[in-house]
Amino acid sequence: MHLTVLSRSAGIFTTRRIVEAARARGHVARVVDPLRVEMRLGKDGPGIFVRGVAYPATDVVIPRIAPSVSQYGLAVLNQMALLGLPVLNGVAAIGLSRNKMRVLQLLSASGVKVPRTVMASEPSGLREMVRHVGGLPVLVKLLRGNERSGVIVCETRQALESALQAIQRLGQNTVVQQYVRGVGDLRAFVVGGRVVAALRRRPRTGRLSRTLGQGARFERATLAAEAEQAAVAAAQVVGLEFCAVDMLEAPGGPRVFEVHSTPGIREGEEACGVDLAGAIVERAVELATATGAPVRKNRRASGRRTRG
Ligand SMILES: Nc1ncnc2c1ncn2[C@@H]1O[C@H](COP(=O)(O)OP(=O)(O)OP(=O)(O)O)[C@@H](O)[C@H]1O
Ligand SMILES: [Mg+2]
């Protein structure tokens, strides 16, 4: 089969591993920078071109669209899907996964447990807010569209108030969340509805919390059935074939706090000794096979829509 990895560079660890895994399985894999793809609309329907030349034959697309190029990258992926190419992770699901508020809402409405959360556009009713999330300290998460956000631990109501005011003056949205302390932080990699690797992430000693992410250590984890089910359900609810689901091992069951549609696989592969890239490729090939006859010629890419 012919696989396209939509990624800014073939040198990125995950991209490189996917290409290696595809080639090791006898497939042809090509890395295409989404920013080099030109999309045409109008006469003859949608078409895609790379440097003016019709996009070459592809059977399946593996998107690795960085958040920094989300808008254009997802338009390219959308164009490919409109042309009938099977894509591992669709545009809608990737877009959704990059909106933390929407993901938390959807997970919660679908019965996947999330940390207690309040979303509000102004810091009024602080006392209520704190009560809802189970008391102090609380976590304030900054949400900045597609970029990486940030997390602030607030130990007092005053700290919370000033944090919220400052953030809102910057015109950013926030989420106030129960600070689930002293529990494990798990990341599960889900491929095709199955957990294929799981990690426990430990903060650097002496750090106030795991909020800082930096310096954390990763080790292989075996998930309890409940955590495994939560990860699989989260992937399904968001609609991702491949993703990483972040959870806290809270008393009373795991709490999902983030779903990544474009996670790096390095930690997963190195800490777990699992061929995650291989699992991704195999799932992509399975999807392409299930979607129908392999796409051969360029005609599809040059504009005719042959599959819905
Ligand atoms: N409700 C919570 N209670 C306790 N710790 C949490 C909670 N939510 C997140 N954390 C910790 O804080 C870290 C960062 O949170 P989160 O992933 O939501 O923010 P982020 O902006 O995506 O940061 P990062 O880029 O580091 O993942 C998590 O890896 C987790 O260890
Ligand atoms: Mg995160």
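Begin by colouring the chain by pLDDT, since the model is predicted. The protein averages a pLDDT of 89, and 89% of the residues score at least 70. Next, select residues 208–212, where the pLDDT is below 50 and the model has 11 contacts beyond near neighbours in sequence. A further stretch to select is residues 295–308: pLDDT stays under 50 there, and the model has 33 contacts for it beyond four places in sequence.

Select strand S1 (residues 2–6) together with S6; the two run parallel and are joined by 4 bridges. Within this pair, Leu3 stands opposite Val60 in S6.

Proceed to the nonpolar cores. In the largest, which has 66 residues, select Ala234, Val245, Val256 and Ile280, the members that touch the most others. This core draws at least three residues from each of domain 1 (2–89 + 283–291) and domain 3 (182–261). Which residues does Ala234 touch, not counting those up to four places away in sequence? They are Leu107, Val112, Val245, Val256 and Val259.

Finally, select Val138, Leu160, Leu164 and Val176, which are included in a second, separate core of 12 residues.

Definitions and conventions: Residues are numbered from 1 along each chain as its sequence is written. Chains are lettered from A and ligands numbered from 1 in the order in which they are written. This is a predicted model: local features need pLDDT of at least 70, side-chain atom pairs count only at pLDDT 80 or more; totals for chains, interfaces and linings use all residues. pLDDT is the predictor's confidence in each residue, from 0 to 100. Two residues are in contact if their C-beta atoms, placed from the backbone, lie within 7 Å. Two strands pair if DSSP finds at least two bridges between them. A nonpolar core is a set of buried Ala, Val, Leu, Ile, Met, Phe, Trp, Tyr and Cys residues joined through C-beta atoms within 7 Å. A residue is buried if 20 or more other C-beta atoms lie within 10 Å of its own, exposed if 12 or fewer, and partly exposed in between; C-beta atoms are placed from the backbone. Domain bounds come from an automatic or database domain assignment.
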